[in-house]
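Subject: Structure for you to look at

Hello,

Here is the structure I said I would pass on. Please open it first, then read the notes below it.

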Amino acid sequence: MSARTKTAFPFLRALDLLVIPMILVGLYFAYLYAPRETTMGDVQRIFYFHVGFALNCFLAFTVVFVSSIGFLWKGGRAWDDTALAAVEVGFLYCTLVLLTGPVWARSAWGVWWTWDARLTSTLLLWLIFASYLFLRTYMAEDPRMRRYAAALGILGALNVPIVYYSVKWFNTQHPTTFITQRGKLDPQMAVSLRFCMLAVLALAVALFLKRRAIGRLEEERDRLMAAYEEGEIR
Amino acid sequence: MSPMHYLLLGYGLIWLGLGVYLFQLNRRLDRVHRDIAELRERLERTRRV
Amino acid sequence: MRGYWRAVAALVEKDLRLEWRSREAITSMAFFSVLVVVIFGFAFQTRKIDPATEAPGLLWVAFSFSGILGLHRVLAIERENAALQALLLAPVDRSAIFLAKMISVLGLVLLAEWITIPIFSILLRVPVLSCLPELALVTCAGSVGFAAVGVLLATISSGSRLREVLLPLLLYPLWVPILVGCVELTGLALSGRPLAEGSDWLVLLAAYDVVFVTAGTLLFDLMLEE
C-alpha cells in the first residue's frame, strides 16, 4: 500500500514541536510583551487570541464549503474527511470565540452577553455546525449520511459572510478588527497580534491535518476489515 | 478571587482543553495506525495459509 | 420548460388534493399554533401585550413550531407505501419534485398562519386590521425560506430513525436569521409603521429566500440517490 500510511507520521508529529512553542511564544506576546491598553486594561489582552480564533474559524468553514461542494460534485471520501476535519476545527474555534468574547464583554460593556449582531450571528454559526455534528452522529449508519452532511455544510457555510459583514450591515457595538486600521495600532500590539494569529493558524492547520489523517486511515481500516472478513468467510 | 484570577483560570482551562484535544488526536492516530498494521499482518497470514 | 412547470403544478395539485380529503395537516397546524398563543397567554398572564416587541415574537414562535408539523406531514405522505420511490420513477426532473413539495408546504404554512393571526388578534387584543397587507407580505417572505430549507432538511432527516428529533435540530439554526427579520418586520407592521423603515431586513429576507430556494433546487436531487 502507500508508503505514507506505513510511516508513523513523522510530519504530523513534528507539527506538534512547531505549534506548541509557537503558542507559548504567542502567550508571551499577548500577556507580557504587548503594552497594557490604557482604557480597557489587561482584559484587552484577550483580543490577541480572540481575533485569531475568529478569523481561523471563518477560514475553516470556508474549507467546509469548498470541500462539501467537492464531495457532492466529484465524490470520494477524501473530500468528506476534509470537510469533517474542517468542521471540527472550526467548531472548536467558534466555541473558543464564544468563550473568550464574553470575558472581555463583561469588563468592557458590563455584561457577559448582549444580543448584538456580531455576537448573535457567531452564536448562530456555532448552532448550525453543532447541528451538523448531530446529523453525523444520529445518521452514522445511513449510507447517505455523508451527502446529507455535505448539503448541511454548504447551507451552514453560506452564513459565514453574513456573520463577517454583520458588523458593517447593522449597527453593532462590537469593535471592528484593528488590522484594517494598522496606523492607529501600537507597533508592539501589532506585532503581538500578528504573531498570535499566526500561532493560532498553525494550531488550526495541525489539528486539521491530524483529524483529516484519522479520517483517511479509518477508511483504509474499514476497507481492510471488509477484505479480512471476506477472507474469513471463504 | 479578583477578575484577573477568573480570567487566568478561564484561559488556563481553554488552553488545557486544546492540549487535551491535540493529545487525543495523536492517540487516535496511533490507534488507527496500529489497527491497520495488525489487519495487514493478519491478511498476509491468511493469504499464505 | 412548460412541461416542467406543468409537472410541478400536477404534483402540487396531488399534495393539496390529498390534504383536502383528510385536512389532517392544516387542522393540526392551525390548532397547534393557536394552542401556542393560548399557552403564552396563560404562561405570562398577559391581559394586553406590546404590539411592537412581544406580539411578533409570540406569533413567530407559534409559526415556527406549527410549521414543523406541516413538514412532517407533507414528507410522510411520500414515505407511506413507499410513494416516493414511485414518484422518483416519474419522467420529471427531480428539482420539480422539490419545488412542488416546497409550494405545498408553503401553502399549508401560510394558511395556518392566516388562520392564527385573527384568533391571536382577538385573544391578545392586538389590532391587525390596519396592517393586513404588510402582515401578508411578511408571512409570505418568511414562509418561502422556511418551506425551502424545511423541505430539504425534512428529506434528509426522514431517512433517520430519529426524524422527529432531528428535523427541528437541523432546521431551527438555519431558520433563525429569517425569523429575526420576520419578527422585526412584523413588529413594524403591528405598531403601524411602514415596512420601508426595515428595508435592510426585507433585503436580508429576500436574500435568504433566494439562497435557500436555489440551494434546495440544486441539492435535492443529490439527497435522493441511494
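Apart from neighbours within four places in sequence, A:Phe71 is in contact with A:Gly76, A:Arg77, A:Trp79, A:Asp80, A:Arg146, A:Arg147 and A:Ala150, where contact means heavy atoms within 4.5 Å. A:Phe71 itself sits in helix α3 of chain A, residues 46-74. Is A:Phe71 buried or exposed? A:Phe71 counts as buried because its relative accessibility is 12%; buried means under 20% relative accessible area, exposed means over 50% and partly exposed is in between, with a 1.4 Å probe and protein chains only. Between the C-alpha atoms of A:Phe71 and A:Leu158 there are 16 Å, and the two residues are 87 residues apart along the chain.

Some notes on conventions. This is a predicted model, in which local features need pLDDT of at least 70 and side-chain atom pairs count only at pLDDT 80 or more, while totals for chains, interfaces and linings use all residues. Residues are numbered from 1 along each chain as its sequence is written, chains are lettered from A and ligands numbered from 1 in the order in which they are written, and side-chain values use heavy atoms, with hydrogens and water left out.

Now chain A as a whole. Chain A has 8 helices and 0 strands; helices are DSSP runs of H or I with at least four residues, strands are runs of E with at least two, and both are numbered from the N terminus. Of its 234 residues, 52% count as buried. Among contacts in chain A with a separation of 6 or more, 75% are between residues 24 or more positions apart.

Next, the chains together. There are 2 pairs of chains that touch, and chains A and B have the most contacts. Chain B and chain C share no contact, and their closest C-alpha atoms are 25 Å apart.

The contact of chain C with chain A involves 27 residues from chain C and 23 residues from chain A. About 2200 Å² is buried between these two chains, with 77% of that area from carbon and sulfur atoms; buried area is the accessible area (1.4 Å probe) that two parts lose on being put together, summed over both. On the side of chain C that touches chain A, α6 (132-157), α7 (163-190) and α8 (199-224) of chain C each supply at least two residues. The largest share, 9 residues, comes from α8(C).

Regards
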